[in-house]
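Trainee: Can we go through the labels used for this one? I want each value set against its cut-off.
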Amino acid sequence: MSPFAPDSFSVLSAQRHSVRAYRQEPVHAHLLQQLLATARQAPSGANLQPGSFVAVQGEARTRLSADLVAAFRAGQQELEDYAYFPQPMPALLRRRQVAAARALYGALGIGREDRAARDAQFERNFCFFEAPVALVVTVRSDFGSGGYMDLGMTLYGLMLAAQSCGLATCAIGALASYPGLVRRHLGLQEDSSIVCGMALGYADLQAPVNQTLTTRCELEEYFRVVG
Ligand SMILES: Cc1cc2nc3c(=O)[nH]c(=O)nc-3n(C[C@H](O)[C@H](O)[C@H](O)COP(=O)(O)O)c2cc1C
């Protein structure tokens with residue numbers, strides 16, 4: 001038997017993709033807790049287990065999203081808690097970024113020049129894509145890159161745990177654009193950095209936005225053998 005026969009992990013990871021429209025079917029609190037417990041099995045340096053998750057719901061969620069949308073529409077800018085993208089973006093990465101945007105806006109039939117439609121889609125980040133579960137991911141501000149690396153493993157664990165239960169997710173880096181605003185709403189102090197948001201719920205499979213298909217670069221582009 002081939003050692004490359006599909007196993008449950010490779011099937012799960014191939015099936016997972018970012019979902020940006022959800023059915024209005026609630027996710028039970030107990031299931032959400034189980035998913036987070038599974039994700040927390042991720043390894044971390046010295047087992048420090050960096051990062052925290054806040055599920056924002058009810059009025060608190062409505063108010064947070066309303067203020068985020070208002071800030072975005074007003075063109076407000078905040079200093080982010082951490083640098084995400086290389087500045088300036090190297091050409092190779094820029095091509096990948098453009099391809100991802102083309103996949104998303106292409107699925108929605110939004111043209112390159114249609115700024116208003118692109119902004120409207122971007123704004124949906126701040127409403128957690130209307131997913132039944134809205135998570136805010138934070139980390140102590142004194143963690144360096146290693147802490148973010150560890151937390152990334154937990155995030156991927158959460159995505160795959162959700163996928164294994166028939167749920168879908170989308171990480172929302174856009175939330176990190178307004179760290180002060182998010183902190184105020186969640187009652188967090190300056191020593192909590194806002195890493196990202198996450199939408200979680202049951203995918204609306206009919207929604208055009210969920211037809212977005214991204215690809216990955218060739219193995220040779222990121223793996224080589226020396227010696
Ligand atoms: C940390 C992180 C932040 C992200 N932030 C956003 C975001 O703000 N808005 C969005 O629509 N997608 C966001 N994404 C989804 C990526 O665009 C997506 O993962 C990538 O294009 C690959 O597509 P796939 O997840 O469908 O495989 C984010 C993904 C990650 C891992």
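Mentor: Start with a polar contact: a pair of N or O atoms within 3.5 Å. A nitrogen atom of the ligand is 2.7 Å from a polar backbone atom of Gly173. The model is predicted, with local features needing pLDDT of at least 70 and side-chain atom pairs 80 or more, while totals for chains, interfaces and linings use all residues. Residues are numbered from 1 along each chain as its sequence is written, and side-chain values use heavy atoms, without hydrogens and water.

Trainee: Which side-chain atom lies 2.6 Å from an oxygen atom of the ligand?

Mentor: A polar one of Ser18. A polar side-chain atom of Asn125 lies 2.7 Å from a ligand nitrogen atom.

Trainee: Why are helix 3 and helix 5 called roughly antiparallel?

Mentor: Helix 3 (residues 58-73) and helix 5 (residues 115-123) pack at about 150°, axes 10 Å apart. Angles run from 0 to 180 degrees between N-to-C directions. Over 145 counts as roughly antiparallel, under 35 as roughly parallel, 65 to 115 as roughly perpendicular, and the rest as oblique. Therefore the pair is roughly antiparallel.

Trainee: What makes helix 2 oblique to helix 6?

Mentor: The axes of helix 2 (residues 29-39) and helix 6 (residues 145-164) come within 8 Å and cross at roughly 135°. That angle makes helix 2 oblique to helix 6.

Trainee: Which residues of helix 3 and helix 5 meet?

Mentor: Contact means heavy atoms within 4.5 Å. Val69, Phe72 and Arg73 in helix 3 meet Asp119, Phe122 and Glu123 in helix 5. By class, this contact has three nonpolar, no polar and three charged residues. Asp, Glu, Lys and Arg count as charged; Ala, Val, Leu, Ile, Met, Phe, Trp, Tyr, Cys and Pro as nonpolar; the others as polar.

Notes
Helices (H or I, at least four residues) and strands (E, at least two) are DSSP runs, numbered from the N terminus. A polar contact is a pair of N or O atoms within 3.5 Å; within protein, one must be able to donate a hydrogen and the other to accept it, and residues adjacent in sequence count only if both atoms are side-chain atoms.
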